[in-house]
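Hi,

Here is the structure I promised to pass on. Have a look at it first, and then read my notes below.

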Amino acid sequence: PTTRQRNNPMSLRPTPAFWDARYGATEDFVFGTEPNEFLKASAENIPANGPVLCLCEGEGRNACFLAGRGHSVTAIDSSAAGLEKAARLASSRGVNITTQVADLSEYSIKPGSYAGIISIFAHLPPALRRRVHADVVAGLQPGGVLILEAYTPDQIALGTGGPKDPAMTMTLAGLREELQGLNLEVGQELRRDVREGTGHTGVGAVVQVIARRPMAAN
């Protein structure tokens, strides 16, 4: 990398072309077609039938699961190839999702719009992550829920998936700070077996959060 690349925090982040190549290299689903286990166990916390936004949704496994639960789901990702596979998965499941190719560095979440926002292994450079999380707090409806799972810095040594740079990982302490304005109903760091397609392949060090926007005062 050039000096400029080394000094540019955004260079830590894989490009849309990287993800297009990864998702487009196979007809199989890189991270599988089943929903993330933490999301599956936590989805009942999202207000019933409310609109949901899935960040960095890739090939659509989580969006399709939530659509099957009756939610109107918008799936955003920087990879057109990933979202093409998401649309195919939705069609095969008989559910409808809205896909939008968008880079989070250029995307704003409309305030007060979503009953649920989903962030599953949505790893971003620190400055961008802080801005996106501020948007998440504002983007939830009163009573709306963020469901998040991400790798922690301890994941780097495990090497079973996720970013290679610890700056791209998350900690519970950092998320508490970035998600001020939400009430954390679940907040924990742990190790668990993460097996999702060929992309996540063993014991992972993760942080899990369920955070709710308070209901508006009368």
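Predicted model: local features only at pLDDT ≥ 70, side-chain atom pairs only at ≥ 80, totals over all residues.

Gln208 belongs to strand β7.

What do the side chains of Gln208 and Glu149 do? They are joined by a polar contact of 2.8 Å. The side chain of Gln208 also has a polar contact with that of Gln188, at 2.7 Å. If you leave out residues up to four places away in sequence, Gln208 touches Phe38, Leu148, Glu149, Val186, Gly187, Gln188, Leu190 and Arg192.

Next, the nonpolar cores. The largest one has 30 residues, and Leu66, Val73, Ile97 and Ile118 have the most contacts inside it. Several elements give two or more residues to this core, among them β1 (52–55), α4 (61–68), β2 (73–77), α5 (80–93) and β7 (200–212). Which element gives the most? That would be α4, with five residues.

Setting aside its neighbours within four places in sequence, Leu66 is in contact with Leu39, Ala43, Ile46, Val52, Cys54, His71, Val73 and Ile118. There is also a second, separate core of 26 residues, which includes Leu53, Leu104, Leu124 and Leu182.

Now for β2. Five of its five residues are buried, so the strand is largely enclosed by the rest of the structure. Both of its faces are covered: Val73, Ala75 and Asp77 are buried on one side, and Thr74 and Ile76 are buried on the other.

And which strands does β2 pair with? One is β1, which pairs with β2 in the parallel sense over three bridges; here Val52 stands opposite Val73 in β2. Another is β3 (residues 98–101), which runs parallel to β2 and is joined to it by four bridges. On that side, Asp77 stands opposite Val101 in β3.

Cheers

Technical notes. Residues numbered from 1 in each chain as written. Heavy atoms only, no water. Core = buried A, V, L, I, M, F, W, Y, C linked by side-chain atoms within 4.5 Å. Buried < 20%, exposed > 50% of the residue type's maximum accessible area, 1.4 Å probe, protein only. Contact = heavy atoms within 4.5 Å. Pairing = 2+ DSSP bridges. Polar contact = N/O pair within 3.5 Å; in protein donor to acceptor, adjacent residues only side chain to side chain.
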